[in-house]
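Please read it with the model open.

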Amino acid sequence: MRLLCALGLFLALLHVTSCLRIGAFNIENFGPKKSKDVFVMNTIKEIVLRYDIILIQGLQDEELQVHQSLMDLVNKGTTEFSYIVSEPLPLGSSIFQFMSHKERYLFLYRNQKVSVKGSFQYTEKVSKDRPSSCEGFVLIPIHTKSGSAVKEIDALVDVVAAAKLKWTNNNIMVLGDFNADGKYVKAVDWKKIRLFNTNKNFHWLIADGVDTTVAKSSDTYDRIVVTTEMEMGVAKKVSDHFPVEVELKPESESDPEPEPEPEPEPEPEA
């Protein structure tokens with residue numbers, strides 16, 4: 001199973017902002033070659049600037065230069081965005097230790113809206129450290145290996161449990177390229193996945209039928225899944241995926257009830 005990285009993000013200004021836009025984008029083979037393409041990098045920059053928090057997958061950055069090039073471009077003349085990057089994935093696997101193109105997860109976030117409370121790289125051995133309270137919410141990135149998507153999506157329940165244990169926080173969002181459709185996850189496979197929406201503890205915000213790729217097929221590979229507490233409490237050159245996103249609004253900023261339309265005035269009698 002690929003190992004995942006979980007980030008605890010503390011939303012310092014959530015209650016005084018109108019909304020918080022979070023996105024996830026699987027950038028195909030985002031390595032040194034693509035980072036030298038001016039058109040591609042400017043396109044990625046424009047996408048990043050749409051969000052308050054964005055998860056980038058597909059980062060192949062052994063020397064930690066690709067993501068720095070992106071940060072320099074995004075923050076040109078400013079220091080608006082900060083980042084946190086995972087270790088190369090998967091961890092601790094002798095099968096992959098000689099591969100130079102291990103993937104990293106990269107989060108970029110706006111400093112004025114978000115600050116990072118902490119992060120940890122998930123392994124199947126749950127940390128025995130004393131749990132700490134985290135008032136914000138937790139983001140868990142995922143980019144499954146297509147051939148083992150069913151097993152990896154199912155295992156996300158264990159990752160969520162580890163995050164809850166570490167931070168005593170039930171406001172959790174899982175986002176990224178699940179490969180959760182087509183030949184990778186068939187209709188018969190959903191009953192094997194504990195994270196699926198038959199489990200009342202989780203809600204899939206991007207349902208089947210939403211095309212998230214630029215391929216000819218209409219597959220919903222990219223998903224955003226939240227815990228019930230999260231849902232109720234917080235209210236082909238560039239890539240082969242579209243970015244997926246969600247906006248979080250405080251309850252006080254919910255859309256007002258529409259005003260009733262005025263009744264038409266009676267026409268004068270002839």
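1. Confidence overall. This is a predicted model. The mean pLDDT of the protein is 77. A value of 70 or more is reached by 69% of the residues. Helix H3 (residues 66–74) has the highest confidence, at a mean of 96. Strand E1 (residues 5–10) has the lowest, at 55.

2. Two of them deserve a flag. Over residues 10–18 the pLDDT is below 50. The model still gives this stretch 24 contacts beyond near neighbours in sequence. Over residues 91–100 the pLDDT also stays under 50. Here the model has six contacts beyond four places in sequence.

3. Make-up and surface. The protein has five helices and eleven strands. Of its 270 residues, 47% are buried.

4. The nonpolar core. In soluble globular proteins, nonpolar side chains tend to be buried together. The largest nonpolar core here has 46 residues. Ile 53, Ile 140, Ile 153, Phe 178, Leu 195 and Trp 204 touch the most other members. Several elements each supply at least two residues, including strand E2 (20–30), strand E3 (53–59), strand E7 (137–143) and strand E10 (222–227). Which element gives the most to this core? Helix H4 does, with ten residues; H4 spans 149–167.

5. Aromatic pairs. The count comes to six aromatic pairs. One of them joins Phe 196 and Trp 204. Their ring centres are 6.0 Å apart and their planes stand at 75°. Planes over 60 degrees apart count as edge-to-face, so this pair is edge-to-face. Phe 196 has a relative accessible area of 17%, and Trp 204 has 12%. The cut-off for buried is under 20%, so Phe 196 is buried and so is Trp 204. Phe 178, Trp 190, Phe 196 and Trp 204 form one aromatic cluster.

6. His 67. This residue is found in helix H3. Is His 67 buried or exposed? His 67 is buried, because its relative accessible area is 2%, and buried means under 20%. Its side chain makes a polar contact with the side chain of Tyr 83, at 3.3 Å. Leaving out residues up to four places away in sequence, His 67 touches Leu 59, Asp 61, Tyr 83 and Leu 106.

7. Thr 228. This residue lies in helix H5 (residues 228–233). Where does the side chain of Thr 228 reach? It reaches the backbone oxygen of Lys 200, at 2.6 Å. Thr 228 also touches Asn 201, Phe 202 and His 203, with residues up to four places away in sequence not counted.

8. Positive phi. Asn 29 has a phi near 50°, a positive value in a residue other than glycine. Asn 29 is found in strand E2. Its relative accessible area is 47%, so Asn 29 is partly exposed. Asn 179 has a positive phi of about 55°, and it is not a glycine either. Asn 179 lies in the loop between E8 and E9. At 7% relative accessibility, Asn 179 counts as buried.

Methods. Residues are numbered from 1 along each chain as its sequence is written. This is a predicted model: local features need pLDDT of at least 70, side-chain atom pairs count only at pLDDT 80 or more; totals for chains, interfaces and linings use all residues. Side-chain values use heavy atoms; hydrogens and water are left out. pLDDT is the predictor's confidence in each residue, from 0 to 100. Helices (H or I, at least four residues) and strands (E, at least two) are DSSP runs, numbered from the N terminus. Contact means heavy atoms within 4.5 Å. Buried means under 20% relative accessible area, exposed over 50%, partly exposed in between (1.4 Å probe, protein chains only). A polar contact is a pair of N or O atoms within 3.5 Å; within protein, one must be able to donate a hydrogen and the other to accept it, and residues adjacent in sequence count only if both atoms are side-chain atoms. Rings of Phe, Tyr and Trp (its six-membered ring) pair if their centres lie within 6.5 Å; planes under 30 degrees apart count as stacked, over 60 as edge-to-face and the rest as tilted. A nonpolar core is a set of buried Ala, Val, Leu, Ile, Met, Phe, Trp, Tyr and Cys residues joined through side-chain atoms within 4.5 Å.
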